[in-house]
Amino acid sequence: MHNSKIKTFTDGVLIVLAMIWTLLPLWWTFQTSISPEVDLTRVPPRWFPSSINLDYYHSIFFEKIGTTTTFRASLFNSSLISIIVALISVFLGSLAAYAIVRLNVLSGQWVIFTLLFAQMIPPVILITSLYVIASRVHLLDTKFLLILVYSALQLPMAIWILRGYFQTIPREIEDSALIDGCSPSQVLFKIVLPLSGPALFTTGIFTFISSWGEFLMALVFTSSLSSKTMPVAIAEFMGRFTVDYGLMCAAGMIASVPPILIALIFQRFIIQGLTSGAVKG
Amino acid sequence: MIDCVEVPQYAEAGWALTIDEYVTPEMKKDLLPFAADGMMYKGHWYGLPWASEWKSFLYNATMLTKAGYKDPPKTWTQFVNISKKLQSSGMVKYATAWSWAGKECLICDFAAIAASFGGEFFDEAQNPLFNKGASVRALQWMVDSIYKEKITNPASIMWTETDVNKAMEAGDIAFGLRWGLPLVPLNDPSRSKTVGQWKIALMPSVDGKHPYTVSGPMGWAISFGTKHKKEAMDFIFFMADKEGAKLAAIDQGVVPGWASLYKDPELVKAVPQLDTMLEQGKFVVNRPRVPWYHDFSTMFAVEVNSALAQQKTPQQALNDAYQKTLQIKKDYEARSKK
Amino acid sequence: MSRKTLGYLLILPSAVIIIVVLVYPILYSGYLSFFETFVGPGTLVLTPVGLKNYIETIKNPQWWWAFGRTAYFVLYDILVGMSLGLGIALLLNKEFRLRGIARALVLFPYVLPSIVKALMWKWIYNSDYGFLNGLLFQLGLIKDYIPWLSSPTLAIHMVILANIWEGTPFAIIMYLAALQTIPKELYEASEVDGATPWQMFMKITFRLIKPMTFILIVIKTVATFKIFDLVYALTAGGPGGSTQVVGYLMYSTVFDSLQFGKGAAMSYILLAIILVLVFIYSRLFQMEEA
């Protein structure tokens, strides 16, 4: 029927429009990052660069002047911190989730409660007192502080995701292992965890992405290169060097690489992680 | 690095250390008075002057000559007329842009323009005077330059000095205010597309006789928590003594606070129009040196910015600012008594 | 060792971290809210002032203006953001060849660091060389470039637009999940009965995704009230304070004006308001269901 053909056509157009809406800002930033400088001040701007200019990227990776060395250092800090926080959250989170699900340490209500509460608190409540406390114990401007704080913020979510997954593992597997003489901790490490690949992965991904992009706490708790993270570095550039947009767009693209790769390769995990909680309960 | 407006607050709160013991009498004689003043509070020294600067008024001489003007504007009326001619001839879209974002930079510009109108900011007893007379007219002029005369880039109300600097370097505007030794970066071919086009002139004023601009001396200070006061002082001397200051002037356009440097032949050669700058340096107003300046500045910048955004009339904005200033002053005095 | 002991051991590290880093500071903040703070060299001087911080905040018009603006953000986020999310979810629910890729691409605004998003939009909105001006100019829709972020009435809407762009993926994914739980037979059956697409949408889709709609409204309200990164980077609260939201106001109170106690009080007041809102939402939802 030609009716459904029109419908398919309209659907197609709408889907393309939706994709344009989603990707336009990113594409424009990418385009800027490879445009020659003269294109950037053209009025009106070009849709595609007149030639490919890799100077900005080169500058970020190789130049030794202030702005780019700061950026490189901040990328290192962000990477280190995000990976460590992901590992901590996955590890400690799975231990705690197992204790809650199988060893009846706390009821699941506590998890939901903590998670919801952690989401609802205005961040200022936390950063105000954390700032005072951290300065008293001389932890300000350290990567350790950020790792600690981020882990605390990610653990409720990690425990939530892992708990949900552990509940789907059939008890029989664990029970038969216990009968065979395994201790509970052996069951956890040798059976449950290996089976939980997807959930561990999902938790790690979420935690990494959140820590990678976190801004407010990093802004407050860091000041020097020893702990400054990528978002803070970029914000500084926006304040001081707003005008060098080619360079900033290149920096932005580089900062976007890890999350984009994760989204492309592991989209199923992300989608599952987001919806696991909501659809079930 | 400490800004002159921060010194009173930092001194009162004990965040900066006094360095009286390092300041010799020869140093005191050679420092430009307003630079020294910027680093002092209640008779004590808190820093060594570094960028002893004010905002210079610059104009793109090449553009003005092309439009048929030999001399820069001396009055604001001339300024407006020249601007309109430049815009109508298509040389620039907007003749000028300013750093009028709701931050400290706006207060600097306001202080300068108000002074050029003959208006006052604060009196000697630190009482606010800016909601009367010429200062109000100055703010009205600023608002009109955007919406009535249309010679100011409207994005100015979100711009800081960096944005204005870039616009000058790119040749997007023909007039601008700039800190430091502005011709040094403007003539740097690695950043500027308008090398050799800019010249410094005295600030325009309402009657041509009050070319006032705003000062902003900054310096190097030592924070209280340091365990290495001597090393810190050594570093400060390295950066800001006469040799260090000269290098900074030639390379980066940092205005030295040592009077004798202005006669140094190397400096004179490297920095054009030093004499015009010194002339302007005679007509400089300071922002109030009070420990509650930070709270005042945050409030005042927002008020003036809302007038520029046409959310309030200039008189209204300044009246509100007046009330709030009195309150801030009262609150500070109450707090510091405890 | 007994199961119980093992259990406690396993949960101990997580519990310690959460209590030390989350619970204690939250309580300490509450404590701070009853003091006026003054930063001396190396110390924080506390002066007890009872409820003064709370009362001053409630009496402060600046606070309520900021609250109103933030609520305005939330309103747009819910009305426009969720509708857009639902629309795109409906599209992505259909069968088509590149669906997998499309779903991955749609995640991008969600996973990018917030500061990068602010950077992108700031450049798009640039008044002299930005994309938005260029596009509208080429399409002939505007004659002169518009300084988007410099006009008080426009600026807040531009930030809202960026915020909606940022929040759409979450709504899309959640609605998609909800849509997939609706059995196809329902649609097929009603088509046989002669229902129009609109009727099918209202009676089946809309009704069955109501629980998800509710969840999204709650999550988006809570999340949008916290908005900070975009405002900080795009407009810093300007021009003339027209984009001042509560998150930024609180941050500024604590870290610009160094009034820790007052900032803490503000955040507790905000928390109370949010809890009340969530409570109202859940009551409304329960009434709907019944």
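## Salt bridges

Over all chains, the count of salt bridges comes to 21. The model is predicted. A few of these contacts are described here, beginning with chain A.

A:Lys7 and A:Asp11 join their side chains in a salt bridge, at 3.9 Å from N to O. Both residues belong to helix 1 of chain A, which covers residues 2-33. They sit 4 residues apart, or about one turn of the helix.

## A network in chain B

The side chains of B:Lys324 and B:Glu303 form a salt bridge of 2.8 Å, N to O. Which parts of chain B does this pair tie together? B:Lys324 lies in helix 15 and B:Glu303 in helix 14, so the contact links parts that are 21 residues apart in sequence. B:Lys324 is partly exposed, at 38% relative accessibility. B:Glu303 is buried, at 5%.

B:Lys312 makes a salt bridge with B:Asp320. Their closest N and O atoms are 2.7 Å apart. B:Lys312 is partly exposed at 22% relative accessibility. B:Asp320 is partly exposed too, at 27%. Which residues make up the network of salt bridges? B:Glu303, B:Lys312, B:Asp320 and B:Lys324 are linked in it.

## Another residue of helix 15

B:Gln327 is also found in helix 15 of chain B. Its relative accessible area is 38%, so B:Gln327 counts as partly exposed. B:Phe296 lies 31 residues from B:Gln327 in sequence. In space, the two are 9.7 Å apart, C-alpha to C-alpha.

## Cavities

Rolling a probe the size of a water molecule over the atoms shows where empty space is left. In this model, the count comes to 5 cavities of 30 Å³ or more. The largest cavity has a volume of about 200 Å³. Its lining is made of 17 residues. Which of them are closest to the centre of the cavity? They are B:Gln9, B:Arg335, C:Phe38, C:Ser257 and C:Leu258.

By class, the lining of the largest cavity holds 8 nonpolar, 5 polar and 4 charged residues.

The second largest cavity has about 70 Å³ of space. Residues of chain B line it, among them B:Cys4, B:Val5, B:Phe34, B:Asp37 and B:Gly38. The lining also includes B:Ser215 and B:Pro217, as well as B:Asn286, B:Arg287, B:Pro288 and B:Arg289. By class, the lining of this second largest cavity has 5 nonpolar, 3 polar and 3 charged residues.

## Helix 1 of chain A

What is the accessible area of the nonpolar patch formed by A:Phe9, A:Val13, A:Leu14, A:Val16, A:Leu17 and A:Ile20? Together these residues have about 550 Å² of accessible area on the surface. One of them, A:Phe9, is found in helix 1 of chain A. A:Phe9 has 60% relative accessibility, so it counts as exposed. The cut-off for exposed is over 50%.

A:Gly12 has its place in helix 1 of chain A as well. With a relative accessible area of 30%, A:Gly12 is partly exposed. How far apart are A:Gly12 and A:Gly93 in space? Their C-alpha atoms are 43 Å apart, and the residues are 81 apart in sequence.

## Chain C as a whole

Chain C has 14 helices and 2 strands. Along its principal axes, the C-alpha trace of chain C spans about 75 × 75 × 40 Å. Chain C has 290 residues, and 58% of them count as buried.

Key:
Residues numbered from 1 in each chain as written. Chains lettered and ligands numbered in written order. Predicted model: local features only at pLDDT ≥ 70, side-chain atom pairs only at ≥ 80, totals over all residues. Heavy atoms only, no water. 1 Å grid on protein atoms, 1.4 Å probe; cavity = no way out; pocket = protein on both sides within 12 Å on 5 of 7 lines; lining within 4 Å. Points joined across faces, edges and corners; volume = space filled by probe spheres on them. Nonpolar A, V, L, I, M, F, W, Y, C, P; charged D, E, K, R; others polar. Salt bridge = Lys/Arg side-chain N within 4 Å of Asp/Glu carboxyl O. Buried < 20%, exposed > 50% of the residue type's maximum accessible area, 1.4 Å probe, protein only. Patch = residues over 30% accessible without salt bridge, like charges linked within 9 Å, V, L, I, M, F, W, Y side chains within 5 Å. Areas by Shrake-Rupley, 256 points an atom, 1.4 Å probe, with all protein chains shown as cover.
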